[in-house]
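Colleague: Please show me the model, and then I will ask how its labels were assigned.

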Amino acid sequence: MLSIDPVEIPFLDPIDPSSLTLNLGTKNRLIPLVPFGESAELGVINTCTVTNEADAKSRTAIRRFSRKNPNSITVVVGCYSQISANEVAMVEGVDYVIGNHDKMNFLDYIGDKKPEKPVVVRERIDREDFTVGYVGEVEFAQRANLKIQDGCDFMCSFCVIPFARGRARSRNW
């Protein structure tokens with residue numbers, strides 16, 4: 001079972017988990033998607049780091065998943081992973097820390113077993129146009145989220161967005 005934390009992804013509507021599966025590519029294994037909080041063999045927690053409170057909520061979600069699923073593989077992705085990879089890796093139960101550049105490709109990095117120590121993948125975000133891929137055929141009855149730009153070129157002294165998401169760049173059509 002795959003559990004994805006919906007807390008930090010506010011645009012997601014409730015999902016019918018019986019209609020979704022994750023194909024683990026070359027592993028030829030389908031993993032059903034379950035609501036966050038249920039037992040799962042793989043957990044993906046998408047994190048935010050805009051505020052200290054967001055960091056704390058991310059750590060709480062990671063710990064909550066790890067306590068409920070101590071033998072599962074725990075993958076932490078997103079902005080908190082990009083900005084504070086070493087801090088995230090020190091949270092008990094974390095197996096993979098994957099920054100924003102590679103978060104959509106997390107399956108390329110995980111193995112069949114829990115690693116002995118956390119694996120950190122945090123590439124520098126380049127200024128090239130980006131593409132947003134998808135896996136499989138999933139029909140959602142919800143509104144689509146269309147991402148056309150990411151990052152920011154303003155270097156405000158109080159903001160981490162240029163460091164977490166990189167400089168401004170547009171989607172490659």
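**Labels and their cut-offs**

Modeller: The protein exposes about 11000 Å², and carbon and sulfur atoms supply 51% of it. Areas of this kind come from the Shrake-Rupley method with a 1.4 Å probe, and for residues only the protein chains shown count as cover. This is a predicted model, in which local features need pLDDT of at least 70 and side-chain atom pairs count only at pLDDT 80 or more, while totals for chains, interfaces and linings use all residues. Residues are numbered from 1 along each chain as its sequence is written, and side-chain values use heavy atoms, with hydrogens and water left out.

Colleague: How many helices and strands does the protein have, and in what pattern?

Modeller: There are four helices and nine strands. Helices (H or I, at least four residues) and strands (E, at least two) are DSSP runs, numbered from the N terminus. Along the sequence the pattern reads β-β-β-β-α-β-α-α-β-β-β-α-β.

Colleague: Why is Ser81 called buried?

Modeller: Buried means under 20% relative accessible area, exposed over 50%, and partly exposed in between (1.4 Å probe, protein chains only). Ser81 has 0% relative accessibility, so Ser81 counts as buried. Ser81 is found in helix α2 (residues 79-83). Leaving aside residues up to four places away in sequence, Ser81 touches Thr47, Val76, Val88, Val97, Ile98, Gly99 and Arg122, where a contact means heavy atoms within 4.5 Å. Over the whole protein, 37% of the 173 residues count as buried.

Colleague: Which classes do Arg63 and Phe154 fall into, and why?

Modeller: Arg63 has a relative accessible area of 37%, so Arg63 is partly exposed. Its place is in helix α1, and its C-alpha atom is separated by 7.4 Å from that of Val91, 28 residues apart along the chain. Phe154 counts as exposed because its relative accessibility is 63%. Phe154 lies in the loop between β8 (149-150) and α4 (161-165). The C-alpha atoms of Phe154 and Arg167, 13 residues apart along the chain, are separated by 8.5 Å.

Colleague: How do you know that the length of helix α1 agrees with its number of residues?

Modeller: The expected span of a helix is 1.5 Å times one less than its number of residues. Helix α1 (residues 52-68) has 17 residues and should therefore span 24 Å; its end C-alpha atoms are 25 Å apart, which agrees.

Colleague: What makes the buried residues of α1 line one face?

Modeller: The buried residues of α1 are Ala54, Asp55, Ser58, Ala61, Ile62, Phe65 and Ser66. Seen down the axis of α1, they fall within an arc of 125°, so they line one face of the helix. That arc is taken over the directions from the helix axis to the C-beta atoms. As a general rule, an α-helix has 3.6 residues a turn, so residues three or four places apart point the same way. The exposed residues Asn52, Glu53 and Arg67 are on the face of α1 turned away from its buried side.

Colleague: Which strand pairs with β4, and in what sense?

Modeller: Strand β4 (residues 42-47) pairs with β5 in the parallel sense over six bridges; two strands pair if DSSP finds at least two bridges between them. Gly43 stands opposite Thr74 in β5, and Ile45 stands opposite Val76 in β5.

Colleague: What makes β4 and β5 mostly covered?

Modeller: Six of the six residues of β4 are buried, and six of the six residues of β5 (residues 73-78) are buried. In a regular strand the side chains alternate between the two faces of the sheet. From β4, Leu42, Val44 and Asn46 point one way and Gly43, Ile45 and Thr47 the other way, and all are buried. From β5, Ile73, Val75 and Val77 point one way and Thr74, Val76 and Gly78 the other way, and all are buried.

Colleague: How many disulfides are there?

Modeller: A search of the whole structure finds zero disulfides. Cys48 is in no disulfide, with the nearest cysteine sulfur, that of Cys79, 6.2 Å away; a disulfide is a pair of cysteine sulfur atoms within 2.5 Å. Cys79 counts as buried because its relative accessibility is 6%.
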